[in-house]
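Biologist: Before we discuss this chain, could you take me through the labels attached to it and show how each one is reached?

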Amino acid sequence: ISVAGLEGDWLTLNPVIRIGSVRMPAGEISGLILQPDLLESAIRSDWVLRRASISGGHVALARTERGWWLAGMTPQGGLRLDLEDLLMQSDELTGQLKLTFLDETPHTLNLDLKAINRGGRHAFALQASNPSLRSVMR
């Protein structure tokens, strides 16, 4: 795995981490911004993000015995990350990403996600399009 363009600073009590690109066997992610909410993460004993954003990239997922995982990579047991909890507890998640599901017949989806949580109220917008079919699901 290689990381390029790593920068960081602080916004109030929370670090802001900016990554130009992350390259891995499963693909590449670009324009990554992470702002963990340190206080809320400590209170919940779980990762909570104030803000996270991905501006682009292409990641391949392969089917394993336990579900889908990053292609060409082995799941590691040390990092516990519950995507549903992350989505429901984080304040703002945005991103555009192309996912390829490697199966007997590989499928690619272009995803555009916007999720906002303010005062316990959640708003989600997910647009998925299949470039080979030119169809869009909202």
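Modeller: The model is a predicted one, and under the rule for aromatic rings the count comes to 1 aromatic pair.

Biologist: What makes the pair of tryptophan 68 and phenylalanine 101 edge-to-face?

Modeller: The ring centres of tryptophan 68 and phenylalanine 101 lie 5.3 Å apart, and the limit for a pair is 6.5 Å; their planes stand at 80 degrees, and an angle over 60 is called edge-to-face, so that is the label the pair receives. Tryptophan 68 belongs to strand 5 (residues 67–70) and phenylalanine 101 to strand 6 (residues 92–102), so that the pair links distant parts of the chain, 33 residues apart.

Biologist: How do you know whether tryptophan 68 is buried, exposed or partly exposed, and what about phenylalanine 101?

Modeller: Buried requires a relative accessible area under 20% and exposed one over 50%; tryptophan 68, at 33%, therefore counts as partly exposed, and phenylalanine 101, at 22%, is likewise partly exposed.

Biologist: Which residues make up the largest nonpolar core?

Modeller: That core holds 7 residues in all, namely Met24, Ala26, Ile29, Val59, Leu61, Leu97 and Leu99, and the elements that give two or more residues to this core are strand 4 (49–64) and strand 6. Apart from it lies another core, of 5 residues, including Leu49, Ala52, Leu86 and Ala115.

Biologist: What does valine 59 touch, once residues up to four places away in sequence are set aside?

Modeller: Valine 59 touches Met24, Ala26, Glu28, Ile29, Leu70, Leu97, Lys98, Leu99 and Thr100.

Biologist: Why is the approach of aspartate 37 to arginine 50 called a salt bridge?

Modeller: A side-chain nitrogen of arginine must come within 4 Å of a carboxyl oxygen of aspartate, and between aspartate 37 and arginine 50 the N to O distance is 2.7 Å, so the pair meets the definition of a salt bridge. Aspartate 37 sits in the loop between strand 3 (27–36) and helix 1, whereas arginine 50 is in strand 4, so the pair ties together parts that are 13 residues apart in sequence. Aspartate 37, with a relative accessible area of 5%, is buried because the cut-off is under 20%, while arginine 50, at 35%, counts as partly exposed. Asp37 and Arg50 are also linked with Asp91 in a network of salt bridges, and a search of the whole structure finds 8 salt bridges.

Biologist: What makes arginine 63 and aspartate 103 a pair that ties together parts of the chain?

Modeller: The closest N and O atoms of arginine 63 and aspartate 103 are 3.2 Å apart, and the two form a salt bridge. Arginine 63 lies in strand 4 and aspartate 103 in the loop between strand 6 and strand 7 (107–118), so the parts tied together are 40 residues apart in sequence. Arginine 63 reaches 51% relative accessibility, and since exposed means over 50%, arginine 63 counts as exposed; aspartate 103, with 29%, is partly exposed.

Biologist: How do you know that threonine 12 and serine 45 are exposed?

Modeller: Threonine 12 has 70% relative accessibility and serine 45 has 60%, and because the cut-off is over 50%, each counts as exposed. Threonine 12 is in the loop between strand 1 (2–11) and strand 2 (14–24), with phi near 50 degrees, a positive value in a residue other than glycine. Serine 45 is in the loop between helix 1 (38–44) and strand 4, and its phi, near 55 degrees, is again positive in a residue other than glycine.

Note on methods
Residues numbered from 1 in each chain as written. Heavy atoms only, no water. Phe/Tyr/Trp six-rings, centres within 6.5 Å; stacked < 30°, edge-to-face > 60°. Helix = DSSP H or I, 4+ residues; strand = E, 2+ residues; numbered from the N terminus. Buried < 20%, exposed > 50% of the residue type's maximum accessible area, 1.4 Å probe, protein only. Core = buried A, V, L, I, M, F, W, Y, C linked by side-chain atoms within 4.5 Å. Contact = heavy atoms within 4.5 Å.
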